[in-house]
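Subject: Two-chain model, handed over with notes

Dear colleague,

Please find below the structure I promised to pass on, followed by my notes on what turned up in it. I would be glad if you read the two side by side.

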Amino acid sequence: MIFVLFGVSAIVFYMARGFPSAFAPWAQYVSEKLKPGQLEAIIKAHGFDQPLYIQYWYWLQDVFHGDWGYSNWANGLPTYYVFVSRFPFTVELTIAATIFTVALGIPLGILSAVKNNTAIDHVARIIALTGYSVPSYWFAYILQLVFFYYFYTWGLPNLPSGGIISQGLAGTVPTITGLPILDGLLAGNLTYTVDALAHVILPAFNLSFISLGYLARIVRASMLDVLRQDYITMARSKGLPERIVIYRHALRNALIPAMTLTGIFVAGLLGGAIITETVFSWPGVGNVSLRAVFLGDSNFLLLYCLVTALIIVVTNLVVDVLYLFIDPRIKY
Amino acid sequence: MNEKADRAHGTESETQARIAELKYSLHLMRQNPLVLAGLILVVFFTAVAAVATLLVSNDEAFMFDFGQSYCWSNAVFSWTQLEATCPPGTNFILGTDGFGRDLLRMIILSIPLDLKIAFLIVAAASAFGVALGAIAAWIGGKFDEAILRITDVFFAFPGLVLALVFAALFGRTVQTLTLAVLLVWWPTYVRLTRGQVLVEKEKTYAEALKSIGVSPARIVLFHIIPNAIYPIIVQMTLDIGGVILTFSALIFLGFSPSPALPELGNLAADGINHVFTAPWLIVFPGLTILLIALAFNLMGDGLRDILDPRLRR
């Protein structure tokens, strides 16, 4: 686990600092006021002329002191602050997308398994397959086009096309948790909450449409597997109604693999959905990381990749441990 | 196990068994309309890709002739240029794009490029991954551990970010973007192959081959990999769709070598400039990507059911 984090940081560090065309780490010190020779002095003073492994060592020392450097594009704010101020938005989007995924993916999978090899199964499978064949950037624009633009031209109640909150409402609620919906609720401001909810629907649906396909497929496969087991035949032969057999006996065991997958999704989404956040101008970490790539902010990229890797590694661990509690057949 | 040992030697009954197996596979395929649909779509797109340059001249993508445009009624003034996009209709089946090019012809022209890149990336990633995974599993020990840790690192990455940084560093060319996607894609095959080979290696036929003095390279290459290949083939089929999605996403996010390049992601990226005035420009290229990816996913999904012996009888 520690090795993974070191590996990730070393690869990003090497790529972001090592290549001749790499992002210049001293860019934040460049200004018009610099006299000739001063830039060289700065490069020397910060050790940017040293070999890479020494630079990496300096960087590691800084990181363990809690110094992640500065992001020159964000008015020179500390990179850590930039990340922390954007992370709650990504968390909100993740929660909403996970709710959508689970609420749509699991029923789709169950339906597909119970009505195996019928027209309903085929339709459900096509929906699932479309979900992960769809280019998410394209689907995002289609959603905007339909639910924002066409609904607007038809005079229907339309959903906002991007952002986290309408312009007039921004800043009317004190930031407590950083999650706009939760903040609105805590402040008792219903308009704000509803507006924030309306903003989250489209990006969350876009994200979940991709993952619900995977989830539905896993649920279908494990449900089919469970329905073939002896104890299901036993339950049926006892004369239990099919509903009870499926929902009380089969579903519980069939959902265990689905849980792993959901864990992986949450981890991936917390890492920021770059495409969706960019198209919906959602100010989360994924959106900012794309900006960091274009602006050559290696400090932000390092922090971002490390946090994402940490989330993925920890989630895998947590899912493994949760198995122990959920599935009595597994013992370590 | 006897069956497998027989197979390695190749007898007459074995060829018969294979033919029966094939017939049964075809029967299963006919039973499953989704696989058939996927197969038809895949054949269709591959055929279009094969004859695309005969249908549309490659130069057409880079010829902008605004004077020839028929659609000044839909002209939209932007700050930089006068754009005339035709709606889908009689002159142009799918309309024309912001450069005044026929959208249908551009889509036809971009299918071979996308498919070629996808095949290339999947072939390279699987060749590298299968080789590395097989060697790691066969040798085992420290080497295996090291390879496993390296793939761990790559799995913990937000994949797109790695590709983005790579593309940002090495410039916006099609080759760089191909390498960037390849960089993210190979670890899956290492993991998959390693797992398969580890299982096969313990089986009796591998032991038998070892005991009669067959060289390890021969055992792995000619006996173990053929037995472990089905899940890898399924993964490759599924990945072609995924690679096209990722590649076009990179282009879409701003790593396009040239705005005029006939590539599906690029066509869609051009479409976002006109999303409210000429929605067809984003709808059709994206729909094409969706259909290509769906075709390969349908086929891969079906192949999994057909090739997996546990799901067969």
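A crossing of two helices is called left-handed if the near helix is turned anticlockwise from the far one by less than a right angle, and right-handed if clockwise. Please keep in mind throughout that this is a predicted model.

That convention applies to helix 3 of chain B, which passes helix 11 of chain B in a left-handed crossing. Helix 3 (residues 33-55) of chain B and helix 11 of chain B pack with their axes 8 Å apart and at an angle of about 135°, and the two helices are therefore oblique to each other. On the side of helix 3 of chain B the contact is formed by B:Leu34, B:Val35, B:Ala37, B:Gly38, B:Leu39, B:Leu41, B:Val42 and B:Phe45, while helix 11 of chain B contributes B:Leu291, B:Ile292, B:Ala295, B:Phe296, B:Leu298, B:Met299 and B:Gly302. Sorted by class, the residues of this contact between helix 3 and helix 11 of chain B comprise 13 nonpolar, two polar and no charged ones.

Helix 11 (residues 280-307) of chain B also packs with helix 10 (residues 264-272) of chain B, at an angle of about 155° and with the axes 8 Å apart. Because angles over 145 degrees count as roughly antiparallel, that makes helix 10 of chain B roughly antiparallel to helix 11 of chain B. The crossing of helix 10 and helix 11 of chain B is left-handed. Helix 10 of chain B takes part through B:Leu264, B:Leu267, B:Ala268, B:Asp270, B:Gly271 and B:Ile272, and helix 11 of chain B through B:Leu281, B:Ile282, B:Pro285, B:Gly286, B:Thr288 and B:Ile289. The residues of this contact of helix 10 with helix 11 of chain B fall into eight nonpolar, three polar and one charged.

Turning to chain B as a whole, its secondary structure consists of eleven helices and two strands, arranged along the sequence in the pattern α-α-α-β-β-α-α-α-α-α-α-α-α. Of the 313 residues in chain B, 43% are buried, and among the contacts in chain B with a separation of 6 or more, 69% are accounted for by residues 24 or more positions apart.

Chain A, for its part, has 13 helices and two strands, and its C-alpha atoms fill a box of roughly 90 × 60 × 35 Å along the principal axes. Buried residues make up 40% of the 332 residues of chain A, and 68% of the contacts in chain A between residues at least 6 apart in sequence join residues at least 24 apart.

How many residues does each chain bring to the contact between them? Chain A gives 37 residues and chain B gives 37 residues. On the side of chain A that touches chain B, the elements giving two or more residues are helix 1 (2-18), helix 5 (119-133), helix 6 (136-153), helix 11 (274-279), helix 12 (285-295) and helix 13 (298-326) of chain A. Helix 1 of chain A supplies the largest share of that side, with seven residues, and by class the side of chain A that touches chain B has 27 nonpolar, nine polar and one charged.

The largest nonpolar core has 168 residues, and those with the most contacts inside it are A:Leu301, B:Ala163, B:Val165 and B:Leu250. Helix 9 (residues 216-255) of chain B provides the largest share of this core, 18 residues. Apart from its neighbours within four places in sequence, B:Ala163 is in contact with B:Ala180, B:Val181, B:Leu183, B:Val184 and B:Leu250.

A:Pro257 is found in helix 10 (residues 242-270) of chain A and is partly exposed, with 17 other C-beta atoms within 10 Å. Not counting residues up to four places away in sequence, A:Pro257 touches A:Ile218 and A:Ser222; the C-alpha atoms of A:Pro257 and A:Ser222 are separated by 7.3 Å, although the two residues are 35 residues apart along the chain.

A:Ser281 lies in the loop between helix 11 and helix 12 of chain A. Phi of A:Ser281 is near 35°, a positive value in a residue other than glycine, and A:Ser281 is exposed, with 12 other C-beta atoms within 10 Å.

With best wishes

Conventions. Residues are numbered from 1 along each chain as its sequence is written. Chains are lettered from A and ligands numbered from 1 in the order in which they are written. This is a predicted model: local features need pLDDT of at least 70, side-chain atom pairs count only at pLDDT 80 or more; totals for chains, interfaces and linings use all residues. Two residues are in contact if their C-beta atoms, placed from the backbone, lie within 7 Å. Helices (H or I, at least four residues) and strands (E, at least two) are DSSP runs, numbered from the N terminus. Ala, Val, Leu, Ile, Met, Phe, Trp, Tyr, Cys and Pro count as nonpolar, Asp, Glu, Lys and Arg as charged, and the others, Gly among them, as polar. Axes are lines fitted to C-alpha atoms, for helices over the stretch in contact, and angles run from 0 to 180 degrees between N-to-C directions. Angles under 35 degrees count as roughly parallel, over 145 as roughly antiparallel, 65 to 115 as roughly perpendicular and the rest as oblique. A residue is buried if 20 or more other C-beta atoms lie within 10 Å of its own, exposed if 12 or fewer, and partly exposed in between; C-beta atoms are placed from the backbone. A nonpolar core is a set of buried Ala, Val, Leu, Ile, Met, Phe, Trp, Tyr and Cys residues joined through C-beta atoms within 7 Å.
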